[in-house]
Amino acid sequence: MEQILNLISSQVVKAFQENGYDEKYGKVTLSNRPDLCEYQCNGAMAAAKEYKCAPFMISDKVAEYLKGNEMFESVDSVKPGFLNLKLNPEYLAEYLRQMDADPQRLGCNPCEHPKTIMIDYGGPNVAKPLHVGHLRSAIIGESVKRIGKFMGHRMIGDVHLGDWGLQMGLIITELKERNPKLVYFDESYTGEYPKEAPFTIGELEEIYPTASGKSKEDEAYKEAAMQATYELQHGRKGYEALLEHILNVSVNDLKRNYKDLNVSFELWKGESDAQPFIPDMVQKMKDDGFAYLSEGALVVDVKEDTDTKEVPPCMILKSDGASLYNTTDLATIVWRMKDYDPDKIIYVVDKRQELYFTQVFRCARKTGLVKPQTELEFLGFGTMNGKDGKPFKTREGGVMRLEYLVSNINEEMYQKIADNHTVEEAEGRQTAKIVALSAIKYGDLSNQASKDYVFDVERFTSFEGNTGPYILYTIVRIKSILKKYQAEKTLPKGAKILAAHSDSEKALMLELSKFNGMMQAAFEETAPHKVCAYIYDLANAFNHFYHQTKIMAEQDEMVQAGYIRLLELTKRALEICIDVLGFEAPERM
RNA sequence: GCACCCAUAGUUUAACGGAUAAAAUACCAGAUUCCGGUUCUGGGGCUGGGGGUUCGAUUCCCUCUGGGUGCACCA
């Protein structure tokens, strides 16, 4: 379905043209003065200069032309030269009926040319628990992915594990220290390695920090870890088997954690998967004359004439010849292009890495790792701060494990629900979990991703105000009304959404009609916060309508049925939106 | 030192270059309380300061102040 804004615009554009004005002045926008009108066009003021006449002369003529157009209830030309428009309620109702006929998409057309878009988010390290720093990437990335999917694109989420480098050597070294008799350390061993990992996730999470601590104090220990890293990277069988165990154990745990967040990835690739592509890539960069030695390191210049800031060269290899983060990220682009040839890759990463990614992107483009038309997008997010405005920490000042954060909020939400009314413990827990997730995600996503934001548990978990729970509450309330209606009667034949009977009903309908435009904007601007803003307005419009309308007491059967259809449509819109945001509504709460 | 980002009610956040800058929350005053958050009304803002572009600026440009961040062998 065409966006309602475009339908309106096309009429106004036509009116401008028919009166001899350029079509560019006919652009219609949403009114920012809802007390005066629903849609507006400010083109007359801009056109005044070109046509050398007072703006209202133009708006008057256009308004006169549009009088009688069945799309509008009223068309007013106001003071300096505003064109104020109100939609015909019947026209609006017909638009909603078309949305209603398409319950999966509500008239939001899938894009005509689907793209393959890879999205790199998550970025956890193996053998280390997720902490709050991983939260934003997971939440934002998942939502961006779902929005893209809804718009019809092929979205491929890649977790991009941190599974390469010294950390692996450290773990291996510590394991050897504790249990040198394991077959993995016997270089003469040629048999099959055990399927069972010689450690649990709990042990792994303890081994890594221990080893990391030791290496900082003990030079010999560090040497050993580096040696182990080297051997691992050069194909020592026992170590490779260990790496596989570490990965398996870790990934299983990560999957469980992400599942609790309603986050999933199509690909569980890691930095290690990129390593095989490094030698050829580096060689080619050298052969093509892009890479050269600078201060001993191999680099590619990426500065451009238009730069206002200094962009240092992109380092490909360290002066000791070893690879680094850049190398891995570039090689990752290599396999992504080879395996998926994406039209676009989006990186959902802490915004502090912006300069770094600028270098990587430019380097990839310059050296031909990607096609000229392949888009590389950096979606940098801000820091999640505590109420004091400083980065979120535990009371002791350490990094908080994500699991703890989530279970704390689950608990808080459970208390809130249990206080409100009596529920079975099991059901209450389940509901609390669902609602708590909405609190966390909505609290995050309602902010612009690039900005820092304050994680305020009190506010986010409130059932009032601009929060996830409030949205869920509204959905649950609609469900409850629908159930009540269905318990009493069935929808009569020919039931359909009717022209609005009241201002609040029309306001709700107008809000619903914005659905497809909103979703498209959210996708194009990779802006989940627009979805949040929309459902908040929609929920408010519904609650306002609900409060002013006695639905169950309505005498006219068809009017009542129209209300029910409107409620169903509202419910669908809200449900689709929270789904793309990455959470869901319970049956009751 | 060089550069980038941010600055909006007490607080947390919105606003394709457009009218009287919008919500939430907190607070104060009043009314209402019949289907699951009671609801409604009213009160409070020189968009950090100063310039400029424009018919018109929170938005674009310059500058100052204040905060954050980044500046090759960490990821």
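Me: Where is Lys-52 found?
Reply: In this predicted model, Lys-52 is found in the loop between H2 and H3. Helix H2 covers residues 43-51, and Lys-52 follows H2.

Me: What is the phi of Lys-52?
Reply: Phi of Lys-52 is near 50°, which is a positive value in a residue other than glycine. Most residues other than glycine have a negative phi.

Me: Is Lys-52 buried or exposed?
Reply: Lys-52 counts as exposed, because it has 6 C-beta neighbours inside 10 Å, and the cut-off for an exposed residue is 12 or fewer.

Me: Which residues of H2 are buried?
Reply: The buried residues of H2 are Gly-43, Ala-44 and Ala-47. They cover an arc of only 80° around the axis, so they lie on the same side of H2. An α-helix has 3.6 residues a turn, so residues three or four places apart point the same way.

Me: And what covers the buried residues of H2?
Reply: The cover includes helix H1 (4-18), strand E2 (39-41), helix H3 (55-66) and strand E4 (82-87).

Me: Back to phi: what is the value for Ala-127, and where is that residue found?
Reply: Phi of Ala-127 is near 70°, again a positive value in a residue other than glycine. Ala-127 is found in the loop between strand E5 (116-120) and helix H5 (135-150).

Me: Buried or exposed, in the case of Ala-127?
Reply: Ala-127 is buried, because 26 other C-beta atoms are within 10 Å; the cut-off for a buried residue is 20 or more.

Me: Changing topic to helix packing, at what angle do H6 and H7 pack?
Reply: Helix H6 (residues 166-178) and helix H7 (residues 201-217) pack at an angle of about 95°, and their axes are 9 Å apart. The two helices are therefore roughly perpendicular to each other.

Me: Which residues make that contact?
Reply: H6 contributes Gln-167, Leu-170, Ile-171, Thr-173, Glu-174 and Leu-175. From H7 come Ile-207, Tyr-208, Thr-210, Ala-211, Ser-212 and Ser-215. By class, the contact of H6 with H7 has 6 nonpolar, 5 polar and 1 charged residues.

Me: How do H19 and H20 pack?
Reply: Helix H19 (residues 515-524) packs with helix H20 (residues 528-548) at an angle of about 155°, with the axes 7 Å apart. That makes H19 roughly antiparallel to H20, because angles over 145 degrees count as roughly antiparallel.

Me: Which residues meet there, and what classes do they fall into?
Reply: On the H19 side, Met-518, Ala-521 and Ala-522 meet Pro-528, Lys-530, Val-531 and Tyr-534 in H20. The residues of this contact divide into 6 nonpolar, no polar and 1 charged.

Me: Now the sheet with E7, E8 and E9: what is the strand order?
Reply: The order is E7-E8-E9, in an open sheet of 3 strands with antiparallel pairing. Strand E7 (291-294) and strand E9 (314-317) stand at the edges, each with a single partner strand, so one side of each has no neighbour in the sheet. Neighbouring strands of this sheet are turned by 45° against each other on average, direction ignored.

Me: Over how many bridges do E7 and E8 pair?
Reply: E7 and strand E8 (residues 297-300) pair over 4 bridges, in the antiparallel sense. Tyr-292 stands opposite Val-299 in E8.

Me: Which helix packs on the sheet?
Reply: Helix H11 (residues 278-287) packs on the sheet and touches E7, E8 and E9. The direction of H11 makes about 120° with that of E9.

Methods. Residues are numbered from 1 along each chain as its sequence is written. Chains are lettered from A and ligands numbered from 1 in the order in which they are written. This is a predicted model: local features need pLDDT of at least 70, side-chain atom pairs count only at pLDDT 80 or more; totals for chains, interfaces and linings use all residues. Axes are lines fitted to C-alpha atoms, for helices over the stretch in contact, and angles run from 0 to 180 degrees between N-to-C directions. Angles under 35 degrees count as roughly parallel, over 145 as roughly antiparallel, 65 to 115 as roughly perpendicular and the rest as oblique. Two residues are in contact if their C-beta atoms, placed from the backbone, lie within 7 Å. Ala, Val, Leu, Ile, Met, Phe, Trp, Tyr, Cys and Pro count as nonpolar, Asp, Glu, Lys and Arg as charged, and the others, Gly among them, as polar. The arc is that of the directions from the helix axis to the C-beta atoms. Two strands pair if DSSP finds at least two bridges between them.
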